[in-house]
Amino acid sequence: MTKDDAFAADLLRGHTDTIVLGVLRRDDAYGFEIYKAIRDATGGAHEIKEATLYATYRRLEKDGLVESYWGDESQGGRRKYYRITDAGRAVFRSNVAAWTATRRIIDSLLDVKESQQ
């Protein structure tokens, strides 16, 4: 891992809840499916460890931002699915707005232009 990769991983780690809510915003998913969606969305450049994700699922459920239910056993073992709640959608929208505002401020402070990104 390069110094740049470590910096990016630290930044992303702080947004794990929002990233998971973003995946669930599209459709219900089980744990490993969420992991794959995140990995695939970055072309494999970023992965969140499964232990971190399962802690995130428990926290989001405890906070009422996601709900879980058991799927059927039609494809092997029973899978626990997660769905985003209305409160989770509200938190997702709020966090994205905060991120957009923060990104704009940091770009200004670092004098980053769109063409340099």
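Which residue in S3 is the bridge partner of Tyr30? I started my notebook with that one, keeping in mind that this is a predicted model.

**Entry 1: the sheet.** I looked up Tyr30 and found that Tyr81 is its bridge partner in S3. Then I checked the two strands: S1 and strand S3 (residues 80–84) are antiparallel partners, joined over two bridges. Stepping back, I saw an open sheet of three strands, ordered S1-S3-S2 and paired antiparallel. Strand S1 (29–30) and strand S2 (66–70) are at the edges with a single partner strand each, so one side of each has no neighbour in the sheet. A reminder to myself: strands of a sheet pair through backbone hydrogen bonds, either parallel or antiparallel.

**Entry 2: two helices.** Next I turned to H2 and H5, which pack with their axes 10 Å apart, at an angle of about 120 degrees. That angle makes H2 oblique to H5. I also noted the handedness: H2 and H5 make a left-handed crossing.

**Entry 3: the largest pocket.** Here I asked how much space there is, and I got about 530 Å³ for the largest pocket. I counted 19 residues lining the largest pocket, and those closest to its centre are Leu12, His15, Thr18, Ile19 and Trp99.

Which helices supply at least two residues of this lining? My list reads helix H1 (3–13), helix H2 (16–26), helix H3 (31–41) and helix H5 (86–110). H2 gives the most to the lining, with six residues.

Last, I sorted the lining of the largest pocket by residue type: 11 are nonpolar, six are polar and two are charged.

Key: Residues are numbered from 1 along each chain as its sequence is written. This is a predicted model: local features need pLDDT of at least 70, side-chain atom pairs count only at pLDDT 80 or more; totals for chains, interfaces and linings use all residues. Side-chain values use heavy atoms; hydrogens and water are left out. On a 1 Å grid over the protein atoms alone, a cavity is a set of points where a 1.4 Å probe fits but cannot get out, and a pocket is an open set with protein on both sides within 12 Å along at least five of seven lines; lining residues have an atom within 4 Å of a point. Grid points are joined across faces, edges and corners, and a volume is the space filled by probe spheres set on the points. Helices (H or I, at least four residues) and strands (E, at least two) are DSSP runs, numbered from the N terminus. Ala, Val, Leu, Ile, Met, Phe, Trp, Tyr, Cys and Pro count as nonpolar, Asp, Glu, Lys and Arg as charged, and the others, Gly among them, as polar. Two strands pair if DSSP finds at least two bridges between them. Axes are lines fitted to C-alpha atoms, for helices over the stretch in contact, and angles run from 0 to 180 degrees between N-to-C directions. Angles under 35 degrees count as roughly parallel, over 145 as roughly antiparallel, 65 to 115 as roughly perpendicular and the rest as oblique. A crossing is left-handed if the near helix is turned anticlockwise from the far one by less than a right angle, and right-handed if clockwise.
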